[in-house]
Each structure stands twice: as structure tokens, then as C-alpha cells.
Amino acid sequence: MQNKKPFILLFALVLVLTTVLSACGSNNNAGNNTEASNAPSEGTTEPAANDGNSEELVIKMLLVGGKPIDYDTVFGELNKKLKEKVNAAVEAEFLDWSDWTQKYPLKFAASEDFDIAYTANWAFYNDQALKGGFLELTDELLKKNMPLTWEAMPAVAWEQSKVNGKQYMVPNNNPEVTDKAVLIRDDLRKKHNLDPVNSPETFANYVKTIAANEKGINAYNAKAADGWKWHELDQILLEQQNEWNLVDYNMPLAYKLDDASGKVFNVYDTPEFKELLKYYKDLADNNAWSKNVVSNKNDVWQDMKAGKTASYAQNLGTVAMNLAELRREQPEVELAIADLTPDKKKIAAISTQNGFGIHAPSKKAERSLKVIDLLQNDKEIHDLFMYGIAGTHYEPVGDDKFNATAGTPNFTGFSNWGANSPLNRKDASFPAEADAIADAWQQKVYNFDLETFVFNDANVKNEVANIGNVMLRYAIPLEYGLIKDIDKGQADLIKQLQAAGIEKLQTELQSQIDAFLASK
Amino acid sequence: MNRHGFLGDVRKNKTLLLMLIPAVLFFILFAYVPMAGIVLAFKQFNYGGGIFGSPWNGLDNFRFFFESGNAWMVTRNTALYNIAFIIVNNVLQIAAAILLFEAVGKWFRKISQTVMFLPYFISWVVVGAIAYNLFNYDVGTLNSILTAFGLERIDIYNTPSYWPFILVLVSAWKALGYGSVMYLAAITGIDTEMYEAAEIDGANVFERIFHITIPNLYPTIIILVLLAVGNIFRGDFGMFYNMVGNNGLLFSSTDVIDTFVFRSLTTSNEIGLSAAAGFYQSVLGFATILLANYAVRKYDKDHALF
């Protein structure tokens, strides 16, 4: 016992020291992070000096999404082609879907070494462009390095992707509609003899019937716990249904699509929202969704595949892919795509829905642009980047279609969409009904002046931060019917928004919109 | 006494000083060097200017926090939770350490220690998932058991009042093993002759514990509590975020400074605003530790940190 003592004392000392260290370490964590992430950001913005392609370069790419299983094989093949054509190789870094929103801005703040970054209006494009994260792309730069793209891209797509009149992105070249559709279990609908789902009322009827009769199935589900403040159903039932457009999904301010003066209003303070709350409350009271929906962390599509969820809302393209996937894997389950607002005006995706930007400090900007040019507009390279290796990851069908193979899941799921172009192949098994809906939507696309308006929140960032918080804390539980008295809930929400400075934000937004419209 | 001067002291204690080097380096690198970053709290950060070149904007970055109307609520929550954690965790850890020390049977001791230590290694993400599976309304273990006995389900994820208890409990469960090892080590260091003497004088187990073990633990308790007090205005982000997430209904009783700031700023990514919030926490923490240390000093000079 006696000679054990020094060791035990030493051990205690080490433990205490580690605590001291870790205690003080965490003490400074917040500071460290900000510090570490900013230290090297004095990098100068200098466009590349390499003119020809004499020197072989490795272009680093920042992509969003999980790293595909067959990354090495496909990118190996891709790099052979790129070496031939522009003497370059690409090396991609993937930011997983689970935490990309936290990592992506840090990559810029820390000024890490990368040349190309995937970006989009929903992936920090305006934010990073305004903060100086992207290199400005002048017409000369684009013309010189991106001959194919310069040829193929419509002028309006360039125009739509400018921030304060300057180009920071090579947008994708692929018109689509951003409206959301709902995926439902058509077999269950038929089982209960329900009308086809094509309006908010028929949808309510569907979810209520499922909730009442199908044990162990959530009639509707959403991933409410991920911090989004404007949910898919809000988009369908409030925005699409009333033909409004929210300026930014982080603040509850919208204008009417056909209002040429672009007058903004608080969507939570409208009779339409009051009606919607009753609609939601009715669904919630009939157990249309789990009581714990705001804590749900599961992937809703996976729940639906497993037969635990009977409907969810997403982009048309996504639900169509889901439908095709399930037809392949579980042909006995019958799904259908429902459009709840078929007769309303549709909003076309502006070109910034997907794209690639050049990191401001990159020294390989010109070569990077050449690479993007090929990714988007060189048939062979585009096919590789978008679909993988022919025969392994997809089966080409003619020039513009493909069939999925057993290898398809090994090269998918990340944001190669920045290279979308007319060269895209269509899934030959893409559901005909989704095509029909997409075609019908294209007919109803409504173009309006404010389409390309971008809000600069520099003067009101305090208000934006606080209002986002109020939406999460007061609006989401209210919408999911978790607050008993909806009138009081709505009054509270509006009161909190006012305290958070919604009026100041609205005035600022309105004055920017007025200036934007005046300059048109 | 000091015959060899400073260099002599260094030579004499070279092993100890060598052992100190990693800690010193750690603090210089991770605490003192980044301290200059505090200026960010007073700046409108942009990539072009970087940390030192960005323009000053006075106290603008602090406005967001105090104008939100939540500053008081989240500060209060943070402090109350941490006080509860400090008291509950330390009492349980000391109790566990004493029980382990008094326990007979080597195997029993080792096994219970391992079982207690295990939760320390489970990440908060996993703990959050476990909690969700225990407590959720539809298929949670707790509610399944309740319904099996014919009782009403309880809606834990929509009821704020349960959460202070759950969080304190989970925190205690997770920290018990680690903390008790520290106290156990301190107990093992107590001179055994004192126990022998006490036994001869006829002291029973409880008298030994209350008159020898606990008084001898005071220095350790004071150091650990003082260190914890310095962090009283920092919420354990991993814990609160993974247990509660973005569930707005629970915020009134679970929101701490760290989660509030994180949630507000993931949309705007303004580094200046988060730096301001961190600065606010540091100032409050600094003040509390000075105060606590002063109080300890008043009571007993030898036990104070500085």
C-alpha cells in the first residue's frame, strides 16, 4: 500500500491537470474557433497568372453532400480526360449533408485551400459573395476560359446570378420550377376509397383517414428538427396557394407575385395564415403527424421507404426520383405524386439554384473556369461527372436518357448539379406522371420583375438573427398544432416579431425592393 | 534557503518543469495567442480586411444579444443549470467515491467503477438519440411501459417543465464515473494511519467518513468547484443542442447562451456577433471566478486558487 501512494497521487495530479486544461480549453473554445478560422484570411485576391496550360494543376473542389462510394474510380477516369484537355486534375472535398451548413461558411472564413466551390441561392451564394468569398468573374475571364459555356448559357441566366451587378458564379443551365409536390402512398389511398389528392382539402382528408385507420404509420412527416424555419407545407399551402413569394426563407416577409409595386407584408399577420393555422390544427388534432415532429431527426424519405410514413413534401425532381427508386426496389408499394396547387402560378427556378463559384484567393482561377466549362458542356466529361462510368453506374440510353444500374447508388447524392446543362440525361424510368406535372408547370411559369432581387441584410443583421429565432421558437410549434390556443399563439408570435424588429426589417426590405424596381 | 538562485531552482526541479511544458504550450497556443481575436467583437468582419483590418463598429455586435429580449432568460438558464450541475454532480461523485473506497471486494469495485465510467465516453449525439428513443411520445420506451400498465402517456418533448430534471439527471449520469475517479484518487491519498488511529479509538464507518475522509477532501472539492464556477456562464453546447435541438416549445426552460447564439447565427454567419457573445460570457465568467476565489480566500487562505 505504502509504495502505491506516490503513483496514486501522481495519477490524481494528472487528472486534475487534465481537468484544468480541458476546463480552460473549453473556456476559450468559442474564441479559438473564430480566431483559427480567420487567421489566414488575409489572402489576396489575385486571378491566376497561368496563361496556357503548360503546367499541370490540381484543382481543388468543395462539394456539398456525402462522398460517393466510387469517388476514386470515377474521378480517376475524369482526371484522365481533364489532363488530356486542360492539363488539370480535380480533387473534391465533400461536406456531408448532416453538417454542411456549419462547415461551408467556415471553409471560407478560414480561407482554406480550394479553387472551386459548389454554391447556390440556398447554399450561401449571396452571403459569401457579399462577404468577398468568391472571385468576381468578368466577361473577359469567362469568354476566354469558358468558350463552351459562354456559347450555351442564355444571357438571362448570367443576369440572374449577379450580386449587386457583379458576377460571382457560373450558374447551372437547366430551367426548372421550384414548387413543392407531395409524395403519397397511393395504395393506401385506394384501400380507403379516397379521392385523388390534388388540393389542400383532399390532402387533409387523406392524412386524416390514414392517421385514423393505419396503426403505426405517421400520415405525414417532416424533418422539423433541422432548423428550417419555412417548411415544405408552408411553401405549398401558404406561398403557392396564395401566389406569394417569400423574399428569403429566414424571414416571414413576402409580396404578391402579381403586385407590380412589390409591396411586402408579414405573412404571419394575414387572414390566410390564420386560416392555415386552423387547417394545421385540425390535422394535428387528428394525429396527422407525430406529437414529436419538432424533435424528429430521421430522414423522412427513409421512413417512408420503411413504411412508417405515408406522405411527405419535397421538390418535384426529388419526389420523382424517390418514386422511381421505390418502383425499382419495392414494386409492390404504390406511390403517387400529388400537386396540391395545380392551378396556381409557378415560379421558375432562377439560375442560382445550382452553380459553381471560384474561391476568391484561388491562384488557379483560369484553369478552374476551364474545368467548369468542360464539366458543364463537354458531353464525355459531363456524363462522367454527372452519372459516373457508363456500364457501371448507369446504362446510356441514346444520347439523352439513361437507365439506373445496381451501381447507381455508388455515385450519387452530392451536389454535381452545378454542372446541370442541356446535356443532362434523363432517367429513362423517370415517372411519366412527374414529367407530365413538370410540363404542366412549365406552362404556368410566371415571370416577374422581382425574380432576381437579392436582399442585402448588412444593415439589419441583428434583426434578421432575432427574427429567425422567433420563427423557430414561436412559429414552428404553432404551425404543428402544439399550442392549444392558436389565436393566442398567433398574437404572441406577432408580438415577439415586433419586439425582434420586424418593422425595421420590413422598411429596409421595402426600400431595397423599391430601389430595385426603380432601376429596372 | 535560496542558495543557488533561480537557475539552481530550475536545475533542481527540472523534471517537474519539463512536465509543465505541455500545459504551458497549450495555454500559450490556445488561450493567449487567440486572445487578440477579441477585437472581432467590436468589428464588422469581412474576408478582405481579416481580423485586424476589418472596420470597427463599436458596440453594434452586442446589440443583437441584448435587443433580442432573451438575454436575461438565457443567462439565467445557463447559470442555474450550471449551479445545479456543480452541486448535484459533485455530491454524487463524492458519494460514489466514498462508497467505492469503502466497498469490499476487488471485483465488485472494478466492475462498478467501469459501469459508472462508461457513459463518459458516449458522445452527446448518441445520448440525444438514446433520450429520444426513451422519451418520445409514440414509440418511446417510457411511454410503452406506461401504456402497458394502463397509464396515460406523457408528452415529454412538448412539456418544458420536465426538462430541468432530465438534463440534470443526464449530466450527472454522464459525469459520475469521471468525477468519482478524481475524488477516489484523493481519498486513496489520505494517510492510512489516521484511519487506523480512528479505528483504535472506536470510530465507526460513518464517523470515519465524516471526520476523516470528507475534511481531507476539502482542497480537492474547492479546486474542482472553483474551476467549474469559472465556466458557469458557458452552457454545455453539445449536451443542450443534442438533447433539445430546435424544439422551440422547450426553449423557455432549456435555452442557454450557447444554443441561443448558435441558433441565431447559423443563418447570418456573422462572426462578429458570435465573438461578442463569447466575450460577454468570458467577462461574466472572469468576474464570477474572481468573486468565488475571493470568498474562499476570506474563509481559508490556503485553499484559494490564487
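Student: What makes I116(A), V207(A), I337(A), V371(A) and I467(A) stand out among the 186 residues of the largest nonpolar core?

Tutor: These five touch the most other members of that core, a nonpolar core being a set of buried Ala, Val, Leu, Ile, Met, Phe, Trp, Tyr and Cys residues joined through C-beta atoms within 7 Å. The model is predicted, with local features needing pLDDT of at least 70 and side-chain atom pairs pLDDT 80 or more, while totals for chains, interfaces and linings use all residues. Residues are numbered from 1 along each chain as its sequence is written, and chains are lettered from A and ligands numbered from 1 in the order in which they are written.

Student: Which residues does V371(A) touch, not counting those up to four places away in sequence?

Tutor: V371(A) touches I59(A), L82(A), V86(A), A88(A) and V90(A), where contact requires C-beta atoms, placed from the backbone, within 7 Å.

Student: Why is K345(A) called partly exposed?

Tutor: A residue is buried with 20 or more other C-beta atoms within 10 Å of its own, exposed with 12 or fewer, and partly exposed in between; K345(A) has 16 such neighbours, and therefore counts as partly exposed. Beyond residues up to four places away in sequence, K345(A) touches E243(A), L257(A), K444(A) and Y446(A), and its C-alpha atom is 8.8 Å from that of Q241(A), 104 residues apart along the chain.

Student: What is the average confidence for chain A?

Tutor: Chain A averages a pLDDT of 85, with 89% of the residues scoring at least 70, pLDDT being the predictor's confidence in each residue, from 0 to 100. Over residues 19-50 of chain A, however, the pLDDT is below 50. Where pLDDT is low, the predicted coordinates should not be read in detail.

Methods: Contact = placed C-beta atoms within 7 Å.
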